[in-house]
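Please examine the structure shown below.

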Amino acid sequence: MSTGRHRLPSPTVTTTRRLVRSPLGISAVVVALVVAAAIAVPVGIGMLGCDETRYLRVSATQSLAPVLREAATEFNSARPSYNGDCVYAQVDEIAPHRIMAALAGGSGADSTITPHVWVPESSAWVELTRMSAGGTHGIETAPPSLAASPVVLAAPEGTEGMPDPDDTGWTLVLPGERDPQRPLVMVDPNRGADGMTVMHAVRRHLGSGDAADTAMTDFVRDVQTDSAFGEIDLATFFTGATLSGDRPAPVIVVPEQAVVSYNASRPGAAPLLRAHYPEEGTVSLDHPYVTTTDDPSLRSAAADLYEVLRDDAYRDRMRELGFRDPGGTASAALSARPGIIADDPVVHGDLTGDALLASVTDWNRLSMPSRTLVLADVSANMAEDLDGEDGPTRMEAAKRAALMGLALFPDATDMGLWLMSEDHGESGREEAADMHRLGDAETGEETTRRQELIEIAETIDVHGGGSRLYDNILSAYDEVQAVYDEEKINSVILLTAGRDEGSSDLSHGELVAALQDRFEPNRPVSLFIIAFGEQADREELRDIAAATSGSLFVTDDPDEIGDIFLSSISRRLCVPDCDN
């Protein structure tokens with residue numbers, strides 16, 4: 001039981017409140033708290049004669065931490081004690097994904113940052129934690145909301161091609177729906193609920209099925225390089241200086257509060273930002289106040305700190321910072337701010353359960369780096385016309401596919417190359433390039449692996465003989481499985497005429513059985529086959545791909561190659577349970 005209430009603060013606390021609300025107050029309070037923790041608290045302990053001194057660890061988002069620090073100052077000034085123990089609140093800014101990992105436990109969890117009170121930007125984090133194997137214990141099931149802020153799309157006022165702020169759709173985030181040079185910036189869904197919101201909205205728009213997965217793959221590839229790994233500071237994008245290379249200003253997915261905060265403090269030369277509210281509905285970030293401890297004294301302290309935060313003064317501070325009230329209504333102060341629409345936006349509560357997990361899983365599988373061995377057919381069959389009508393040869397189509405594939409894969413991809421033909425000696429292949437990161441050069445070399453593979457692809461030619469297709473597929477599969485990387489998508493990409501014609505020691509049935517025996521759902525290595533020309537042994541190749549939850553694409557149209565690569569990458573979404 002607390003020794004006293006905090007509703008009527010002392011003159012010292014009143015002075016502190018005035019200080020922290022001044023322009024320099026927040027910085028002063030941060031410094032003062034550090035000093036207080038090192039000097040004042042130990043002195044107070046001795047004077048109060050506490051049986052034990054304990055700390056209520058509070059973790060908050062960067063945007064709400066200033067208010068929580070002010071409330072903690074008032075809470076601490078009342079010198080609260082519970083069952084003879086003095087309790088002092090300490091507020092830290094720690095990314096929600098780190099807190100989730102700490103609360104869920106498991107390997108890699110940092111127990112030293114586990115809070116007693118957690119204020120993430122969204123209850124989505126609480127649900128993700130509860131879904132984890134070790135995250136349900138001690139987590140409050142119905143936490144109250146401190147403040148709300150809808151997820152919006154932010155762009156400078158008057159941006160060319162942007163619709164009206166109240167007539168914007170989530171389709172704006174998709175490639176082809178905005179200036180190709182205008183980047184979309186969003187938080188990595190593993191780091192922020194606003195990023196999860198985007199992924200959920202895109203999936204809801206695209207639907208399900210192979211075509212939808214391919215479009216989702218295109219979207220993730222488009223935004224991946226511009227994704228952020230934490231709360232986005234809009235001031236870093238709009239400084240007032242001219243963007244380098246005259247690149248158009250980005251469209252950025254952020255909470256509405258971030259737009260309000262930026263507009264209030266932007267440099268004079270920086271543009272005013274407008275918040276655009278998706279008409280299909282968006283997610284309201286509810287900033288739950290979550291008690292995560294079972295300890296009776298700390299739970300009582302957490303409840304008392306929440307009572308401090310319910311005071312009108314702190315509610316007003318949250319409104320001043322650009323937050324809506326917990327129910328989503330904009331205060332009079334917020335309504336007067338430029339760049340926003342004060343009316344209640346269309347929001348939904350669909351980002352829960354399977355939809356929540358899917359939004360993160362889709363991103364992780366599609367943005368995860370690859371580790372792949374490319375197996376390129378240079379047998380005599382590759383010299384034949386692709387379509388049988390004096391068009392490009394299969395080898396010319398394979399070259400085009402190889403060059404296009406190299407352009408699609410990011411620098412973090414590990415890639416190797418084997419050329420297969422029975423004329424390449426006893427093994428039936430030339431191991432042209434071992435597995436290496438595309439963006440790096442080998443020791444002592446200046447040429448990156450990407451540049452090296454581009455040179456090979458541009459000069460590759462038919463070598464002759466049979467393909468030794470089945471033997472080489474199994475050897476390539478074994479090679480990737482032997483160097484499996486848990487942090488990457490592991491695969492074999494086969495570019496082939498699609499016929500073995502008895503050139504292998506293995507039969508088709510023996511190869512399929514061997515692949516089925518080797519495939520491990522928890523450590524999947526998948527085979528993606530691109531066969532050129534209708535003469536390919538389609539049924540045999542389909543069985544081979546299916547044995548590894550992979551995919552087969554047969555084409556006689558070089559213009560399909562880009563879509564084929566996107567489709568093959570999109571198969572990551574179903575591994576290890578793909579239906580071939």
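Q: Among contacts in the protein chain between residues at least 6 apart in sequence, what percentage join residues at least 24 apart?
A: A contact means heavy atoms within 4.5 Å. Among contacts between residues at least 6 apart in sequence, the share joining residues at least 24 apart is 76%.

Q: What is the average pLDDT of the protein chain?
A: This is a predicted model, in which local features need pLDDT of at least 70, side-chain atom pairs count only at pLDDT 80 or more, and totals for chains, interfaces and linings use all residues. Residues are numbered from 1 along each chain as its sequence is written, and side-chain values use heavy atoms, with hydrogens and water left out. The pLDDT is the predictor's confidence in each residue, from 0 to 100. In the protein chain, 88% of the residues score at least 70, and the average is 87.

Q: How is helix α5 oriented relative to helix α12?
A: The axes of α5 (residues 123-131) and α12 (residues 353-367) come within 11 Å and cross at roughly 95°. Axes are lines fitted to C-alpha atoms, for helices over the stretch in contact, and angles run from 0 to 180 degrees between N-to-C directions. Because angles of 65 to 115 degrees count as roughly perpendicular, α5 is to α12 roughly perpendicular.

Q: Which residues of α12 meet α5?
A: From α5, the residues involved are Ala124, Glu127, Leu128 and Met131. Their partners in α12 are Gly353, Leu356 and Leu357.

Methods
Helices (H or I, at least four residues) and strands (E, at least two) are DSSP runs, numbered from the N terminus. Angles under 35 degrees count as roughly parallel, over 145 as roughly antiparallel, 65 to 115 as roughly perpendicular and the rest as oblique.
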